[in-house]
Amino acid sequence: MNAPLSVKDFARVVLPSGCQDGILGMLTTYFDDSGTHDDSDVVIIAGLSGNQYQWEAFENAWRAKLENPSPGKPPLSRFHMYECQNALNEFAGWGRTATEFLAHELGQIIIRNGLWPVPELGRQVGGKRVD
């Protein structure tokens, strides 16, 4: 069995030769999908990517917003855009202005924490991708 590769040796492999000031980093990306059922014509897979510190800051801000989503509203256990936009489940009784403002504020948390969008769009017929 081979010995584990050191970080120094790994960097030598992935960074261009002669690179004096190369940067090696680890990113985490979370994805979600929509339209993956057989009768959907369009499939969307999108995600957000960032480093450990961006995700930690994002998580803290996101949780704080869910704890205090809007004046006079109780804390939310989670956020699903479909439920928010259709005033379902925890959003029952919310007005359109309140749901749109919350979605905007959550979007700003993503932007402020520097997370990068990772989109993918595809077309499918009968559950099979068409390019």
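Predicted model: local features only at pLDDT ≥ 70, side-chain atom pairs only at ≥ 80, totals over all residues.

A: Happy to. A pocket here is an open set of points on a 1 Å grid over the protein atoms alone, where a 1.4 Å probe fits, with protein on both sides within 12 Å along at least five of seven lines.

Residues are numbered from 1 along each chain as its sequence is written, and side-chain values use heavy atoms, leaving out hydrogens and water.

The lining of the largest pocket has 21 residues, and those nearest its centre are Tyr30, Phe31, Asp32, Ala46 and Leu48; a lining residue has an atom within 4 Å of a point. Two or more lining residues come from each of β1 (28-34), β2 (42-50) and α2. Such helices (H or I, at least four residues) and strands (E, at least two) are DSSP runs, numbered from the N terminus. By type, the lining has 13 nonpolar, 3 polar and 5 charged residues. Nonpolar covers Ala, Val, Leu, Ile, Met, Phe, Trp, Tyr, Cys and Pro, charged covers Asp, Glu, Lys and Arg, and the others, Gly among them, are polar.

Now for the helix. With 16 residues (52-67), α2 should span 22 Å at 1.5 Å a residue, and its end C-alpha atoms, 23 Å apart, agree with that. The expected span is 1.5 Å times one less than the number of residues.

Gln54, Trp55, Phe58, Trp62, Lys65 and Leu66 are the buried residues of α2. They lie on the same side of α2, because they cover an arc of only 95 degrees around the axis, taken from the directions from the helix axis to the C-beta atoms. On the other side of α2, Tyr53, Asn60, Arg63 and Glu67 are exposed. Buried means under 20% relative accessible area, exposed over 50%, and partly exposed in between (1.4 Å probe, protein chains only). An α-helix has 3.6 residues a turn, so residues three or four places apart point the same way.

Finally, the N-terminal end of α2 is capped by Asn51, which has a side-chain oxygen 3.0 Å from the backbone nitrogen of Tyr53.

Notes:
Polar contact = N/O pair within 3.5 Å; in protein donor to acceptor, adjacent residues only side chain to side chain.
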